[in-house]
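Hello,

Here is the structure I promised to pass on. Please open it next to this email, and then read my notes on what turned up.

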Amino acid sequence: FPDLVTIAEQDSWVYSDGYNRMCDAWVCTLWKAGGLFGSLKDEIQCTESTNWDVLTLPFFAKQQQISGKYQFDIPELGSKTWAPYPHYAETCGGHAPEFTKARRC
């Protein structure tokens, strides 16, 4: 069982009710389909991404326009963004309540 729970979920897996995506994995899947990951698209499993991954990938600016006069400020992201790399998030665990990440995660 311990080996089973460490297997990275694959984007291609289809469950009895179809493909399943949480909000962050759904956004990542859209980005992947739109070509934002370039040549890495086949080496990234969006189903393994987290909210932190989606917010800190370099696809966001520090300030995002949501709609009309509203904006979403993420000031701390400036120093935390990172470039995607093959198989990111597939081996990055986190334990509550801090959910600290390893150096490359």
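**Surface patch**

F1, L4, V5, I7, W13 and Y15 make up a nonpolar surface patch of about 650 Å². V5, one of these residues, sits in the segment before α1. V5 counts as exposed because its relative accessibility is 52%, over the 50% cut-off. Please keep in mind that this is a predicted model.

**Overall layout**

The protein has 2 helices and 2 strands. Along the sequence they follow the pattern α-α-β-β. There are 105 residues, and 29% of them count as buried. The accessible surface comes to about 7500 Å². Carbon and sulfur atoms account for 58% of that surface. Now take the contacts with a separation of 6 or more: 55% of them are between residues 24 or more positions apart.

**The disulfide**

How many disulfides does the count come to? The count is 1. The partners are C28 and C46, with their sulfur atoms 2.2 Å apart. This pair links distant parts of the chain. C28 belongs to helix α1, while C46 lies in the loop between α1 and α2, and 18 residues separate them. The torsion about the S-S bond is about -60°, so the disulfide is left-handed.

Are C28 and C46 buried or exposed? C28 is buried, at 0% relative accessibility. C46 is buried as well, also at 0%. C23 is another cysteine to look at, and it too is found in helix α1. C23 is exposed, with a relative accessible area of 53%.

**The loop between α1 and α2**

Start with S49, in the loop between α1 (23-33) and α2 (51-56). S49 has a relative accessible area of 6%, so it falls under the 20% cut-off and is buried. Which backbone oxygen does the side chain of S49 reach? It is the backbone oxygen of C46, at 2.7 Å. C46 is also the disulfide partner of C28. S49 touches C28 too.

T47 counts as buried, at 14% relative accessibility. Its side chain reaches the backbone oxygen of E9 at 3.0 Å. Neighbours within four places in sequence aside, T47 is in contact with E9, Q10, D11, N20, R21 and A25. C23 and T47 are 24 residues apart in sequence. In space, their C-alpha atoms are 9.9 Å apart.

**Salt bridges**

Side chains of opposite charge can pair when their charged atoms come close. The structure holds 2 salt bridges.

One joins the side chains of D11 and K32, at 2.7 Å from N to O. Where do the two partners sit? D11 is in the segment before α1 and K32 is in helix α1, 21 residues apart, and the pair links distant parts of the chain. D11 is buried, at 10% relative accessibility. K32 is buried too, because its relative accessible area of 18% is under 20%. D11 is also among the contacts of T47.

The side chains of K41 and D42 meet in a salt bridge at 3.4 Å, N to O. K41 is partly exposed, with a relative accessible area of 39%. D42 is exposed, at 61%.

**Where to look**

When you open the model, I would take these views in turn:

- The C28 and C46 disulfide, with the side chain of S49 reaching the backbone oxygen of C46.
- T47, with its side chain reaching the backbone oxygen of E9.
- The salt bridge of D11 and K32.
- The salt bridge of K41 and D42.
- The nonpolar patch made by F1, L4, V5, I7, W13 and Y15.

Best wishes

How values were computed:
Residues are numbered from 1 along each chain as its sequence is written. This is a predicted model: local features need pLDDT of at least 70, side-chain atom pairs count only at pLDDT 80 or more; totals for chains, interfaces and linings use all residues. Side-chain values use heavy atoms; hydrogens and water are left out. Helices (H or I, at least four residues) and strands (E, at least two) are DSSP runs, numbered from the N terminus. Buried means under 20% relative accessible area, exposed over 50%, partly exposed in between (1.4 Å probe, protein chains only). A polar contact is a pair of N or O atoms within 3.5 Å; within protein, one must be able to donate a hydrogen and the other to accept it, and residues adjacent in sequence count only if both atoms are side-chain atoms. Contact means heavy atoms within 4.5 Å. A salt bridge is a side-chain nitrogen of Lys or Arg within 4 Å of a carboxyl oxygen of Asp or Glu. Accessible areas come from the Shrake-Rupley method with a 1.4 Å probe; for residues, only the protein chains shown count as cover. A disulfide is a pair of cysteine sulfur atoms within 2.5 Å. Patches are made of residues with over 30% relative accessible area and no salt bridge: like charges are joined within 9 Å, nonpolar side chains (Val, Leu, Ile, Met, Phe, Trp, Tyr) within 5 Å.
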